[in-house]
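Here is a short briefing on one protein chain. Look at the structure first, then read the points below.

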Amino acid sequence: MVLPLKTHPLPSVDSQILYKRYQPLDGEAIMAVIVAVAEKAGVPRSACQLLNTSDEVNKRFLCGKFHVLVTQTGLFEHTPLIDAALETIYARTAFPEAADLLNEIAACTQISVRKSLIPTDSLPENLKTLSGVESLAFCEAEETLQAMEIARLITAIIVERSRPDAVFWAPSCFLLKPDAFSALARASNHDDLYLLPNPYGQQDPETGEQLIGMMGIGSQWLTGYRVEVLPCRLPPEYLAEILVAFSKFTNKSSRLIDDGDVFGREENEKIQ
């Protein structure tokens with residue numbers, strides 16, 4: 001019997017679609033998108049219920065065990081997560097105008113897929129303890145990936161039906177141009193969106209040589225651990241491939257490799 005792969009608790013899968021001007025979509029269309037996406041992710045239409053906290057443009061659904069929210073009237077907030085996204089190598093090279101663009105953002109559509117009906121940050125600590133983390137957050141790879149699928153597809157559809165200026169995928173601190181997000185969201189390999197390899201430099205104390213390491217931003221939600229390739233002489237492109245390959249291997253086998261064991265993308269490749 002293969003036990004479920006435990007992951008780091010994730011209270012919600014969040015994304016933000018950012019606009020220079022307010023562009024809400026029709027509320028009925030948003031409802032149809034939520035139900036269709038939930039069904040595609042394995043939740044029957046009969047299990048999708050519109051909550052009475054919804055209004056004309058902001059929709060909240062309970063789809064099975066998933067609490068799905070699309071909020072179109074929110075104001076953009078420049079949070080520490082946004083700051084972290086701006087510091088990634090991806091944003092600095094592929095989206096260098098992002099920092100200036102954020103100063104012009106006037107509207108934000110927030111997509112959130114939660115485990116709990118009540119935001120965990122609004123619960124007293126004693127209630128969090130009594131409820132148990134598994135009732136408040138996604139703690140297994142299968143349900144986390146299902147929640148990510150719902151958030152990813154809803155975000156992709158809204159992006160394609162409007163004219164946003166940027167998209168922020170919070171689980172991996174990924175700030176992207178709309179076209180870049182759509183390409184990753186619609187690709188067959190979703191790890192390229194869910195996991196952001198971020199290189200860093202470190203000098204070899206003995207030789208003075210510049211070594212490159214690689215952090216896997218978002219890996220804790222996929223494998224249960226923060227995954228890092230320690231500084232070495234290998235090309236950064238290869239290190240990024242290793243991170244993604246490790247995530248795929250872990251999810252496919254539903255386990256972490258044993259200490260000292262090896263894995264590879266093909267039969268002849270052995271990575272320890």
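pLDDT is the predictor's confidence in each residue, from 0 to 100. This is a predicted model, in which local features need pLDDT of at least 70, side-chain atom pairs count only at pLDDT 80 or more, and totals for chains, interfaces and linings use all residues. Residues are numbered from 1 along each chain as its sequence is written, and side-chain values use heavy atoms, with hydrogens and water left out.

**Confidence**

- The chain averages a pLDDT of 87, and 84% of the residues score at least 70.
- Over residues 120–124, the pLDDT is below 50. Beyond near neighbours in sequence, this stretch has seven contacts in the model (a contact means heavy atoms within 4.5 Å).
- Residues 126–131 also stay under 50. The model gives them five contacts beyond four places in sequence.
- Where pLDDT is low, the predicted coordinates should not be read in detail.

**The whole chain**

- The chain holds eleven helices and twelve strands. These are DSSP runs, numbered from the N terminus: helices are H or I with at least four residues, strands are E with at least two.
- Of the 272 residues, 47% are buried. Buried means under 20% relative accessible area, exposed means over 50%, and partly exposed lies in between (1.4 Å probe, protein chains only).
- Take the contacts with a separation of 6 or more: 64% of them join residues 24 or more positions apart.

**The seven-stranded sheet**

- Seven strands form an open sheet in the order β3-β4-β5-β6-β2-β8-β9, with antiparallel pairing. Two strands pair if DSSP finds at least two bridges between them.
- β3 (48–50) and β9 stand at the edges. Each has a single partner strand, so one side of each is left without a neighbour in the sheet.
- The twist averages 15° from one strand to the next. Axes are lines fitted to C-alpha atoms, for helices over the stretch in contact, and angles run from 0 to 180 degrees between N-to-C directions.
- β4 (residues 59–63) and β5 (residues 66–74) run antiparallel and are joined by five bridges. Lys59 stands opposite Val70 in β5.

**Helix α8**

- α8 lies across β8 and β9, and runs at about 120° to β9.
- Which residues of α8 (residues 178–186) are buried? They are Pro178, Phe181, Ser182, Leu184 and Ala185.
- These buried residues pack against α7 (141–161), β8 (166–169), β9 (174–176) and α9 (191–194).
- An α-helix has 3.6 residues a turn, so residues three or four places apart point the same way.

**The three-stranded sheet**

- Three strands form an open sheet in the order β10-β11-β12, again with antiparallel pairing.
- β10 and β12 (227–232) are the edge strands. Each has a single partner strand, so one side of each lacks a neighbour in the sheet.
- Neighbouring strands here are turned by 15° against each other on average, direction ignored.
- Four bridges join β11 (residues 210–217) to β12. Met214 has Val229 in β12 as its bridge partner.

**Asn198**

- Asn198 lies in strand β10 (residues 196–203).
- Is Asn198 buried or exposed? At 17% relative accessibility, Asn198 counts as buried.
- Its side chain reaches the backbone nitrogen of Ile89 at 2.9 Å.
- Beyond four places in sequence, Asn198 touches residues including Thr88, Gly213 and Met214.

Methods
Polar contact = N/O pair within 3.5 Å; in protein donor to acceptor, adjacent residues only side chain to side chain.
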